[in-house]
Amino acid sequence: MASAVIESSKREGRLHVTLSGDWTLARLPTPIATLEDRLQELTANDAVWDLSAISRIDSVGAILLWRAWGRRWPGSLEALASHRSALERAATIPMDRRSSQRKERFAWVYVLGGLILAAGKNMRDIVALIGQLLLDTGHLFAHPGEFPWREFSANLFKSGAQALPVTALVGFLIGVVLSFLSSLQLKTFGADIYIVNLLGISIIRELGPVIVAVLVAGRSGSAMTAQIGVMRVTQELDALATMGISRSLRLIFPKVLALSLAMPLLVVWCAAAGIIGGMVSANLEMGLSYGYFIDALPKVVPVANVWIGIGKGFFFGMLIALIACHFGLKVRPNTESLSAKTTTAVVTAITVVIIVDAIFALLTRNVGMPGGG
Amino acid sequence: MSASDVQAIEVRGLSTRFGETVIHRDVDLDVEVGQMLGLVGGSGSGKTTLLRAIVGLLVPNKGSVKLFGESVFDADPTIRRNLRRRFGMLFQQGALFSALSVYDNIAFPLRELRVLDEDMISELVYLKLGMVELEPRHAQLMPAELSGGMIKRVALARALSLEPELLVLDEPTAGLDPDLADNFVKLIRMLQKELGFTVVMVTHDLETLAGLATRVAVLAEQRIIACGTPAEVLAVDHPFIRNFFCSEHAGAVMQKGIV
Ligand SMILES: Nc1ncnc2c1ncn2[C@@H]1O[C@H](COP(=O)(O)OP(=O)(O)O)[C@@H](O)[C@H]1O
Ligand SMILES: [Mg+2]
């Protein structure tokens, strides 16, 4: 099988072009541009085209010729009927196809505006989601039989119980590192015993909730977004709707409730692991006895700190689940949107948690400090 | 034309199983260039699995598959790649890339070739769209915005985009309403006449079979129990064939198709 061949000769004062071989995508010589240039050059001379020796022509070959001819039939053309139909098909391609995309001069203004509008819309939708969940809660008070127990316990298990090992491990290691680094500093002042105050306050009040929030956002938040998103892609959400099952009641409410309950417990668990890690490290580094550490802890860390930690856990858990579900519902039915929304959900959740944590710190600055409140 | 002594598809002694379940036992199948073979069989009889083995998505437990005289599992990657460009597959569910628009779905295999300029690709895409009777304005839609029939058409356009010599269709008309199915059959028949490709298709639908297939293969009891022209297959005496073709309605459809 020969690839595309062009032969030209001058007869009776006119240029005769004979094409032969296979004019198909698989057999066209590369680069195609040289072939096209040659064809265009021949077209310029008002040639007689003889295509009857072509063995096969597909749409690539046909478009190539049609373009070379300047989208007109040449003055004289000889071709087999079947090849002619391929050319005729190429001739029917619409000309005004693509709405050419204009380049905006102030593109960044549009981008910025788009971002702000999107943020506003997300905010509004999350508020609407919260409202819907409140309505659901009211509905459940009226119809306690409809409480989604199975979904609730499944979520509690997945985002709570299954997160115990990783939160304990991370908490413990942070405790060890923090205690080790602080004890180096404290020793130089001879203030060894303040390690208890330092670790107690920072881990229980601040680090525990934030660490757990970051872990849970990455673990459960992403899973929730992906789950709801895939349900959109596979039309399971629509199937639920046609069965008259409220997706907010059956999918979102149990997730938000489960995470709001599981997170405070995880915070306590993680903080405990962190304190133990710090205690072990302090014992090894400075010879502080376990007995002293345990005895001193409740004396120097007001119990209000535990409540602040638990309260943060509750709020962070609720926010993470809300944000994850919100972005899950925003997934459009394609894979790209699924991955983009999952990323956005996790990043937004972590950012919002940190912001809310700062607000918490401001509001509670007089509470739970030794000597202060 | 390809050398006529080479078969488009040559399956020899193919056996496949999933775990303990045997799906195919010693299946032989030949499809000549330019034929349109309809593969029929009960639900779960392994039709899709056979297609997957033919196009090299599944390694058979035993036996060999050759397309145009070459193995899809050839040791030479260039042969494998060139072979894979010679056939197009239409999946049962369309399998369009959900993140790409209709335009980009069809352009995707063309861009992968890296020999065509973007202008040419654009012309080809609109040509293929026209071939499957879609409008230029549909090009910017996303797969999720398409109806079932449109998904099949776009998938067909994508399967056709590399000008395949072999078209593998898995239930091309399943889930389409009779009118659309009819149009689809006409479309494939017209394209086949013009482009001369070989077709292998799985179908449950007798109308599609009667309208397209020049040959019929029947898959039952883990092997091909009959393969030949529709008339030859109808003459085979086997409970499945009697059931499948010889209900009153089916008989009428097939007779109409054969004539
Ligand atoms: N990946 C797989 N793993 C296990 N079993 C499979 C797999 N794919 C198909 N099967 C089984 O093989 C059989 C044939 O499937 P398939 O070829 O899809 O049937 P059909 O003829 O309806 O297209 C079915 O019983 C199916 O359950
Ligand atoms: Mg199937």
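Trainee: In which helix of chain A does A:Ser159 lie?

Mentor: Keep in mind that this is a predicted model, in which local features need pLDDT of at least 70 and side-chain atom pairs count only at pLDDT 80 or more, while totals for chains, interfaces and linings use all residues. Residues are numbered from 1 along each chain as its sequence is written, chains are lettered from A and ligands numbered from 1 in the order in which they are written, and side-chain values use heavy atoms, with hydrogens and water left out. Helices (H or I, at least four residues) and strands (E, at least two) are DSSP runs numbered from the N terminus. On that numbering, A:Ser159 belongs to helix 5 (residues 149–159) of chain A.

Trainee: Is A:Ser159 buried or exposed?

Mentor: The terms rest on relative accessible area, where buried means under 20%, exposed over 50%, and partly exposed in between, with a 1.4 Å probe and protein chains only. Because the relative accessible area of A:Ser159 is 3%, this residue counts as buried.

Trainee: Which backbone oxygen does the side chain of A:Ser159 reach?

Mentor: Contact means heavy atoms within 4.5 Å, and, leaving aside neighbours within four places in sequence, A:Ser159 is in contact with A:Arg219, A:Ser220, A:Leu259 and A:Leu266. A polar contact is a pair of N or O atoms within 3.5 Å; within protein, one must be able to donate a hydrogen and the other to accept it, and residues adjacent in sequence count only if both atoms are side-chain atoms. At 2.6 Å, the side chain of A:Ser159 reaches the backbone oxygen of A:Asn155.

Trainee: With which side chain does A:Asn122 make a polar contact of 3.5 Å?

Mentor: A:Asn122 lies in helix 4 of chain A, and its relative accessibility of 18% is why A:Asn122 counts as buried. Leaving aside neighbours within four places in sequence, A:Asn122 is in contact with A:His326, A:Phe327 and A:Lys330. The polar contact of 3.5 Å joins the side chain of A:Asn122 to that of A:Lys330.

Trainee: How many Å separate the C-alpha atoms of A:Met123 and A:Ile323?

Mentor: A:Met123 lies in helix 4 (residues 107–142) of chain A, and counts as exposed because its relative accessibility is 60%. Along the chain, A:Met123 and A:Ile323 are 200 residues apart, yet their C-alpha atoms are separated by 9.8 Å.

Trainee: Near what value is phi of A:Arg71?

Mentor: A:Arg71 sits in the loop between helix 2 (59–68) and strand 4 (76–78) of chain A, where a relative accessible area of 27% makes A:Arg71 partly exposed. Most residues other than glycine have a negative phi. A:Arg71 is a residue other than glycine with a positive phi, near 60°.

Trainee: How many residues of helix 5 of chain B are buried?

Mentor: Among the buried residues of this helix are B:Gly149, B:Met150 and B:Lys152, and what covers the buried residues includes strand 6 (87–90), helix 3 (102–113) and helix 4 (118–131) of chain B. Helix 5 of chain B is largely enclosed by the rest of the structure, because the number of its 13 residues that are buried is 11.

Trainee: How far apart are the end C-alpha atoms of helix 5 of chain B?

Mentor: The expected span of a helix is 1.5 Å times one less than its number of residues. For the 13 residues of helix 5 (residues 148–160) of chain B, that rule gives 18 Å, which agrees with the distance between the end C-alpha atoms, 18 Å.

Trainee: Which helix of chain B gives the most to the shell around ligand 1?

Mentor: A residue is near a molecule if one of its heavy atoms lies within 4 Å of it, and those surrounding ligand 1 include B:Phe18, B:Ile23 and B:Lys47. By class, the shell has two nonpolar, seven polar and one charged residues; Ala, Val, Leu, Ile, Met, Phe, Trp, Tyr, Cys and Pro count as nonpolar, Asp, Glu, Lys and Arg as charged, and the others, Gly among them, as polar. With three residues, the element that gives the most is helix 1 (residues 47–54).

Trainee: What percentage of the accessible area of ligand 1 does the protein cover?

Mentor: Oxygen atoms of ligand 1 lie 3.0 Å from a backbone N or O atom of B:Gly46, 2.8 Å from a polar backbone atom of B:Lys47 and 2.6 Å from a polar side-chain atom of B:Thr48. Accessible areas come from the Shrake-Rupley method with a 1.4 Å probe, and for residues only the protein chains shown count as cover. Of the 560 Å² that ligand 1 has on its own, the protein covers 53%.
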